[in-house]
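Hi,

Here is the structure I promised to send over. Please have a look at it first, and then read on for what turned up.

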Amino acid sequence: MKIQKFKFHERGLNRFFGPLEAKIMDVLWNGAEMTIKDVQQVLEREKPVNFNTVMTVMNRLVEKGILQKRVEGRTSLYQPVLSKEEFFDIQSKELTHELIDEFGSLVVNHMLDALEEVDHELIEKLEQKIKELKKER
């Protein structure tokens, strides 16, 4: 599941989704299977949103492979295909590969420069990963 448009200047889910898509995904990642009406009611706590709009966006997310739809009688239940953590893991991995493919070692250098701004534990994990890669070769 590759997200086609990554928005660098956005934050969180808005990097991968439109505003309503992001809100819908956030609702579904915070709950169990839900109907369109359930999602609409949660969204309306913030501001009014049309049922048909929510339905259209949720069905597009199904078409994109982000949500899965299960029909039970006359009720359609929706849930994310992946957990939020799995989604971010896959997307960040895909983005990293694309950046390295396009910019090569320049990206690695910038990532290393950025490590100065992170915690010590992350640097230790990176060192361990490098040791593992060296053993494999």
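Leu61 is in contact with Phe17, Glu21, Ile24, Met25, Ile66 and Leu67, leaving aside its neighbours within four places in sequence. Please keep in mind that this is a predicted model.

Leu61 also belongs to the largest nonpolar core, which has 22 residues. Among the members that touch the most others there, you will find Phe17, Ile24 and Met25 alongside Leu61. H1, H2 and helix H3 (51-63) each supply at least two residues of this core, and the largest share, six residues, comes from H1. In soluble globular proteins, nonpolar side chains tend to be buried together.

Now to the salt bridges, of which the structure holds six. Lys23 pairs with Glu46, with 3.1 Å between the closest N and O atoms. This pair links distant parts of the chain, as Lys23 is in helix H1 and Glu46 is in the loop between H2 and H3, 23 residues apart. Lys23 counts as partly exposed because its relative accessibility is 32%, whereas Glu46, at 59%, counts as exposed.

A second bridge joins the side chains of Lys84 and Asp26 (3.2 Å, N to O). Here too distant parts of the chain are linked: Lys84 lies in helix H4 and Asp26 in helix H1, 58 residues apart. Lys84 has a relative accessible area of 28% and is partly exposed; Asp26 is partly exposed as well, at 30%.

Within helix H6, Glu121 and Lys125 sit four residues apart, about one turn of the helix. Their salt bridge has its closest N and O atoms 3.9 Å apart, and both residues are exposed.

The largest has a volume of about 760 Å³ and is lined by 18 residues, with Thr96, Met111, Leu112, Leu115 and Leu126 nearest its centre. Helix H4 (84-103), helix H5 (105-114) and helix H6 (120-136) each give two or more residues to this lining, and H6 gives the largest share, seven residues. By class, the lining has 12 nonpolar, two polar and four charged residues.

The second largest pocket has a volume of about 250 Å³.

Best wishes

Terms used: Residues are numbered from 1 along each chain as its sequence is written. This is a predicted model: local features need pLDDT of at least 70, side-chain atom pairs count only at pLDDT 80 or more; totals for chains, interfaces and linings use all residues. Side-chain values use heavy atoms; hydrogens and water are left out. On a 1 Å grid over the protein atoms alone, a cavity is a set of points where a 1.4 Å probe fits but cannot get out, and a pocket is an open set with protein on both sides within 12 Å along at least five of seven lines; lining residues have an atom within 4 Å of a point. Grid points are joined across faces, edges and corners, and a volume is the space filled by probe spheres set on the points. Ala, Val, Leu, Ile, Met, Phe, Trp, Tyr, Cys and Pro count as nonpolar, Asp, Glu, Lys and Arg as charged, and the others, Gly among them, as polar. A nonpolar core is a set of buried Ala, Val, Leu, Ile, Met, Phe, Trp, Tyr and Cys residues joined through side-chain atoms within 4.5 Å. Buried means under 20% relative accessible area, exposed over 50%, partly exposed in between (1.4 Å probe, protein chains only). Contact means heavy atoms within 4.5 Å. A salt bridge is a side-chain nitrogen of Lys or Arg within 4 Å of a carboxyl oxygen of Asp or Glu.
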